[in-house]
Amino acid sequence: MRRFERIVVLTGAGISAESGVDTFRDKDGIWSKIDYRDVATPQGFERNPGLVHDFYNQRRRGMAGVEPNAAHFALAELEREFHAHFLLVTQNIDDLHERAGSRQLIHMHGELAKALCMNCGSRHEWRDDLSTSVPCPACHHTGLMRPDVVWFGEFPYQMDEIEAALGTCDLFVSIGTSGNVYPAAGFVEEARSAGAYTVELNLEPSGGRNLFAEAIHGRATEIVPAFAKQLLGSG
Ligand code: BJW
């Protein structure tokens, strides 16, 4: 394998699937059970904040006992051992990458374990349930705390940093994402325009498969460690 100097890795729900976290668009995925317009849009939250709080409270509680898997650990090892500029961008709101040891990490769709006050804009670590009767720890306003996640129609986080890394990377790897949601689904084209080699690692061909130079299909816990090992062998 060619030697790379600047790597960007994008991950999606598929990397956490074997840890027991639900994906969105697979047959039994989250969006097969609940309408995204009700729970993952600002309009849904305005209509029925209780329903949205219940949805995220359940998912936050569901993280108890969930552990990072071999794919999360392989990416953390790659970051530690590979002497290259490395950025991991995840669409996932779980904390499995950081618990596996990843440090150069951007949560572009936010974090389940954080709450955002819509009154004062402050962010807070949040492990308990949220509700409309919870006051903001900073401004003490009640009723305007929300999960610190990015819903449809909202601007994903740290896009300037992500765009800068995509514009200069020489390897872009997309792992466990169906490639349905923008802007993440467009990262492969941005990386390609910068001259990067592009690789998809997914259970099955994603919607954007043809945009990648190479694709490896299989379970993340098998194909990600194997790919990382190959890269470390070349570095
Ligand atoms: C395995 C596996 C195993 C399973 N091993 N693999 C029309 C055209 C273009 C765009 C738009 C449009 N209309 C609206 C838009 C914009 C919209 C959008 O993209 N909509 C599309 C649906 C059409 N996007 C937005 O609104 C975003 N903001 C935005 O665009 O702002 C403007 C902007 C413009 C330009 C630059 C910057 C900004 C915001 C998107 C917010 C997404 N939010 C969610 C929910 C919040 C977080 C949460 O609750 O968790 O984020 S939606 C949901 O989808 C979640 C995910 O992060 C996201 C992506 O899902 P992901 O990770 O791909 O999961 P799946 O389930 O789809 O796929 C899993 C894959 O894993 C599958 O392929 C499996 O095969 C695989 N897999 N097991 C390996 N063991």
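In the ligand site, a nitrogen atom of the ligand lies 2.8 Å from an N or O atom in the side chain of E18, a polar contact being a pair of N or O atoms within 3.5 Å. The model is predicted, and local features need pLDDT of at least 70, side-chain atom pairs count only at pLDDT 80 or more, and totals for chains, interfaces and linings use all residues. Residues are numbered from 1 along each chain as its sequence is written, and side-chain values use heavy atoms, with hydrogens and water left out.

Of the 35 residues around the ligand, R25, Y56, T177, S178 and Y182 come nearest; a residue is near if one of its heavy atoms lies within 4 Å.

The sheet is open and consists of six strands in the order β3-β2-β1-β7-β8-β9, with parallel pairing; strands are DSSP runs (E, at least two residues) and helices likewise (H or I, at least four), and two strands pair if DSSP finds at least two bridges between them. Because β3 (105-107) and β9 (214-217) stand at the edges, each with a single partner strand, one side of each is left without a neighbour in the sheet. Strands β1 (residues 6-11) and β7 (residues 171-175) run parallel and are joined by five bridges; the partner of I7 in β7 is L171.

Methods
A polar contact is a pair of N or O atoms within 3.5 Å; within protein, one must be able to donate a hydrogen and the other to accept it, and residues adjacent in sequence count only if both atoms are side-chain atoms.
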